[in-house]
Every structure is written in structure tokens, then in C-alpha cells.
Amino acid sequence: MSGHSKWATTKHRKAAQDAKRSALFSKLSRNITVAAKEGGDPNPDNNASLAAAIEKAKGYSLPKDKIKTAIDKAFGSGKDAANYETVVYEGYGPCGVAILCEALTDNRNRTAADVRAAFTHAGGNLGTSGSVSYMFERKGQIMVSKEIETGDKKHPMGPNGAAADEEEFEMAVIEAGGDDYEDADEEWIVYTQPSDLMAVKKALEEQGVQVKGAEMTMEATTPATVTANDAKKVMRLVDKLEELEDLQNVYHTMDITEEIAAALDE
């Protein structure tokens, strides 16, 4: 366990998504619908993919009624039926940075045209299946706040169990079966094997640690080093792709250091 820092990348992506909340809610709902349908069960206790999709949605404050509506849509009929399919697009952005896009679409031709246009306009190239996916590894990701609300007016915030101390938290993560963790300012980010995500989350909660959110993510196995100027070019493409309604997630191999993150926020 290292407590290493990949937080700059996560922080930048989260800020961009939070700024487009209505579009984000639509994507989260679609993700829940597909997970429920593909898993064949509306009960997250029996559908691991649905459980992960719901946890991710909760992490971004998707209302409970929207979560229920999204699950119901998976088992609807006629005009209420969900006919989304999962498609992965791979390519290279400016400076040769690898980019992987996960889409849920009801019109594959429309989505492919939109993605290709975004790559072309940004000076990138849409590649073939498998051209960059080998550069990424799927991981489970759990967000844990170091402090939580206490309900006490004099002391509104207090320690979140073991999360308040790094040594204690490291032991908690090890005991829960997590692979690694990262110091993310006011939060910890815990990394797990994809199949262990919900089990690790539950184990942390059983130790008295409140979990803020949990989701699946793709982590670059070989981060690419770029200049601040080039990073801005890459992020313009990433932001353009994230604006597309059909794209659920956009991942890249660019190493966003603290210096790069600062430049992107200018």
C-alpha cells in the first residue's frame, strides 16, 4: 500500500462532470438501466453490475426516484423499453495520448459519427478495436471522506472512523481486502479488483467507515508524459467527448501531475 497520487486526474474529471449535472444524471440513469437489464434482476443484492451502477449514481447525488425510474425502464415494454447497447471506441488524441470511450447507445451509427468527428476536429484519430484497450486496466474505486457530518452545531464535522488517520485507514483497507489507496485531499480513494468492489465497500462500512461512493473505472497502466500546453489540447478532446450524450466514460493515458492539473484550471 502506498497512498500514491493519481487524484489529480480523478479530481479534474469529477469537476468537469459535476459542472454538467443534468447531462450527468441522464448518463447515470442510462448506466443503471443497462446494468439492470443485462443482469436480468432489478434487485442490486442479486445483480453486482447494478449495485455498482447505483453506488456510482449515489456518489454523484442522483435522486432515489430517478434511480428507481431507471431500474423500472430496464423491464418496460413498448415506448418505455430500453434498447441500449454497449460500445467501446478507441483512439489517439493529440500528442499520441491513448483514449478509451465507453458508450451506451440506441443508435450505433449516430454515436460512431459523433465520436469520429470529435477525434478529427481535435487532431486525433479513431482507431480499431483493441488498438489502445491493452493500455488500461479495470479497477474498482471507492471514495471515503476523512471527516463526516456529526449533527452537532458546535462541532459539525468529525472523524470518519479509521479514515481520520492514515495508519488506521491503511489497516482498514488491508482488512477489507482493498488493493491500494490514495490520499485525495479531503478524501481517500480505495482501489479494488472489479469483482471485489462491493465486498470491500461493505467490509469498510462494517468497520465503522462511511463510504461516499463506489464505481468501476479504467486506470492507465503506462501513463503518458505531456507538456502543459499539450495537456490542454488533450483535455479539449476529452471534454468534447464527455459532452456527447451517448458516452458514459472517457479515459486517457495522460499523466496529470499537480502541475498539469494547475495549468488545466487556469
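Reply: Start with the whole chain. Of its 266 residues, 48% count as buried, meaning under 20% relative accessible area; over 50% is exposed, and in between is partly exposed (1.4 Å probe, protein chains only). This is a predicted model, in which local features need pLDDT of at least 70, side-chain atom pairs count only at pLDDT 80 or more, and totals for chains, interfaces and linings use all residues. Residues are numbered from 1 along each chain as its sequence is written, and side-chain values use heavy atoms, leaving out hydrogens and water.

The chain has 9 helices and 10 strands. These are DSSP runs, numbered from the N terminus: helices are H or I with at least four residues, strands are E with at least two.

Now zoom in on helix H7, residues 197–206. One partner is helix H6, residues 166–176. The two pack at an angle of about 130 degrees, with their axes 8 Å apart. (Axes are lines fitted to C-alpha atoms, for helices over the stretch in contact; angles run from 0 to 180 degrees between N-to-C directions.) H6 and H7 are therefore oblique to each other. The cut-offs are these: under 35 degrees is roughly parallel, over 145 roughly antiparallel, 65 to 115 roughly perpendicular, and the rest oblique.

H6 passes H7 in a right-handed crossing, where the near helix is turned clockwise from the far one by less than a right angle (anticlockwise is left-handed). Which residues of H6 and H7 meet? From H6 come Ala172, Val173 and Ala176; from H7 come Val200, Ala203 and Leu204. By class, this contact has 6 nonpolar residues, no polar and no charged ones. (Ala, Val, Leu, Ile, Met, Phe, Trp, Tyr, Cys and Pro count as nonpolar, Asp, Glu, Lys and Arg as charged, and the others, Gly among them, as polar.)

H7 also packs with helix H3, residues 48–59. Here the angle is about 55 degrees, and the axes lie 10 Å apart. That makes H3 oblique to H7. Ala51, Ala52 and Glu55 of H3 make the contact with Leu197, Met198 and Lys201 of H7. The contact of H3 with H7 divides into 4 nonpolar, no polar and 2 charged residues.

Most residues other than glycine have a negative phi. Asp185 is partly exposed, at a relative accessible area of 47%.

Cys95 is another such case. Phi of Cys95 is near 65 degrees, also positive in a residue other than glycine. Cys95 lies in the loop between strand E1 (85–92) and strand E2 (98–105). At 45% relative accessibility, Cys95 is partly exposed. Cys101, in contrast, is buried, at 0%. The whole structure has 0 disulfides (pairs of cysteine sulfur atoms within 2.5 Å).

How values were computed: Contact = heavy atoms within 4.5 Å.
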